[in-house]
Amino acid sequence: MLALLRHEIRLQARQKTEWAALLLFFVLVVILMPFALGPEPEMLRRLAPGLVWVAALLMGLLSLDRLFVQDARDGTLDEMLISPVPLAAIIFAKLAAHSVAIFVVLVVMLLPAALLLNMDVEVLPKLLATFVLGIPSLVLLGGIAGALTVALHRNAALLTLLLVPFYIPILIFAVSACTGDAAQPLLFLGSILALLLPTAPLIIAASLRHTQE
Amino acid sequence: MNPITYFANPTHFNRLAGWLMPVFATGAVIAFAAGFYYALFNSPPDYQQGETVRIMYVHVPAAWVGMGLYMAMAAAAAVGLVARHTLADIFCVAAAPVGAVFVALCLATGSLWGKPTWGTWWAWDGRMTSVLVLFLLYCGYIILRHSFDDDERGAKASAILLLVGIVNIPIIKFSVEWWNTLHQPASLLRMGGSAIAPDMLRPLLIMGAGFMFYAGYLVMLRMKTVMLSRKILRLSEGE
Amino acid sequence: MLSVENLSCRRNGRFIFRNLGFTLAAGCFLQITGDNGSGKSTLLRTLAGLLPPAFGTISETKSCYIGHLDAVKPALTTREMLDYFAVLQGVVPDVTRASAAFGLTPLLDRPVRTLSAGQKRRLSLTRLAINNAPLWLLDEPTTALDAAGRDLLFAAIVHHCATGGMVIAATHETWPLVDIQHLKMGAV
């Protein structure tokens, strides 16, 4: 398990250019917001956590094709399916590495985004907490949708359609935690993660096995 | 006798459908006739909303059927994955567009009802938002199901999606309603409050029965169509 | 020994092949030939356990499947890739021995991205040396290989068969091996 995790993290760490592009995508979405909504600092301060979360969500969606599509294209997916190592464990390592990569990108860009949107300093720790509890859930759900659509060739739009309903609760609780009393929504976020953590890798494993050509 | 394998046989299924479809059709006609009479002429206007409350007699049954069909599809998907039977998939393929149309009807009537009641076509009300999400789930299912070249793989992938969806519906509903109480001013009227007058409940239930008969009829009809079109495909491929 | 009985495989509702049966004794090499689309790759993928058979049985045998795709990551080095193959097989990697099998020792610390197509193919074939499976399933294994690479593959196959292994390969190449069984796939 540790060896798998080390491999996946190394693989993500080697693909810095691709993650840099996603990082820029995140910042660009944040930069677009004041142009769409107007530059009043007071309004941006109020909307900042929601805007950052929407940008993070879009970046997460965009990053998902790296999860299984690349493996299917280069043949690694076959190797994973045949392997005597439990498929769910391989998937778990993959999703963990992916979550870490997204988390790193967000942490790196959090300060610039906060400055651009005139965010309160007190919100930053809350926002970080929602990232810790929310990002893995986004990736686990994204893994399910990614596994269901991996056999289809052009799946980006379908992936978004499949995921948006499932992302709504996460978005609601994450943004509420930043804007109001944090304890209750963080608890809900944690519960969603606790529900997904043991089940999602198994669902993904079953989906990959059943949709192989 | 295992009922699933029994009715999965097209002959047996056709016999069942041949018996059930006229029953459903008759039931729907009778219930709609009685329901519309009660809904339009023999029920009181609401003391706050006036005559517009009559939209409820279409709006609420449409939501029931939309939700009920999704649950039935998820149950069928579970059976299909365990028992590996194509009838479950045929049911889901047949029921999905029907359910989606009923949900769309619920959204449209809800919007029409919202304008006179709230003064806006769309108010991000908790229930309506949940129905909108249900509509997205239907769309996702339909597109995923028809994206696969291979029917067997498409059936499995979309069955898994249905099961993940049904587990998530309560979470989505809870989150949306929780979010709603945070943001919604309390003065807004809520649709279909807890206490409903018996004079209003009667047409609502009759219309509900009519919608269910009609949906059952449509699903049966579509199941027959799906079975026949698959047979045509098989024959045209010379097997 | 591998025995396949009554095997049928279906895709998109059509049978790719039907009622295929054969047995392969230890130390044997089976060459599969047939036109494009006759189901060679499907048969190999079914034998590897990647596709469920529509009907029929395959005796339980640990196999190593090398498909058309190399299953290598451009971002990693050759050594890291060999390590990963070993992790996926659940074995402790013996990188020195494995890399020698297909002449990759000088390339161990090069990123896979800088390797040529033939070198990537060799890296992909090195899975055969890492995985100690008795049954090798090879789909067009000589693609992109140069003469030296082919010789290494032949030598590996001869050695594998001599030590009681089995090889099934889909290829139209003439193999300089003595004991070859043939299976010709045709339209159903």
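**Salt bridges in close-up**

Across all chains, the structure contains 22 salt bridges. The model is a predicted one. Side chains of opposite charge can pair when their charged atoms come close.

**View 1. A salt bridge between Glu42(A) and Arg45(A) within helix H3 of chain A.** The N to O distance between the two side chains is 3.4 Å. Both residues belong to helix H3 (residues 41-63) and sit three residues apart, about one turn of the helix. Glu42(A) counts as exposed because its relative accessibility is 51%, and exposed means over 50%. Arg45(A), at 28% relative accessibility, is partly exposed.

**View 2. A salt bridge between Asp71(A) and Lys94(A).** Here the side chains meet at 2.8 Å, N to O. Asp71(A) is in helix H4 (residues 69-74) of chain A and Lys94(A) is in helix H6 (residues 87-116) of chain A, so the pair ties together parts that are 23 residues apart in sequence. Both Asp71(A) and Lys94(A) are buried.

**View 3. A salt bridge between Lys73(C) and Asp74(A).** The closest N and O atoms of this pair are 2.9 Å apart. The pair crosses between chains: Lys73(C) lies in the loop between strand S5 (63-66) and helix H2 (78-89) of chain C, and Asp74(A) lies in helix H4 of chain A. Lys73(C) has a relative accessible area of 5% and is buried. Asp74(A) is also buried, at 17% relative accessibility.

**View 4. A network of salt bridges.** Glu8(A), Asp71(A), Asp74(A), Lys94(A) and Lys73(C) are joined into one network by salt bridges that share partners.

How values were computed: Residues numbered from 1 in each chain as written. Chains lettered and ligands numbered in written order. Predicted model: local features only at pLDDT ≥ 70, side-chain atom pairs only at ≥ 80, totals over all residues. Heavy atoms only, no water. Salt bridge = Lys/Arg side-chain N within 4 Å of Asp/Glu carboxyl O. Helix = DSSP H or I, 4+ residues; strand = E, 2+ residues; numbered from the N terminus. Buried < 20%, exposed > 50% of the residue type's maximum accessible area, 1.4 Å probe, protein only.
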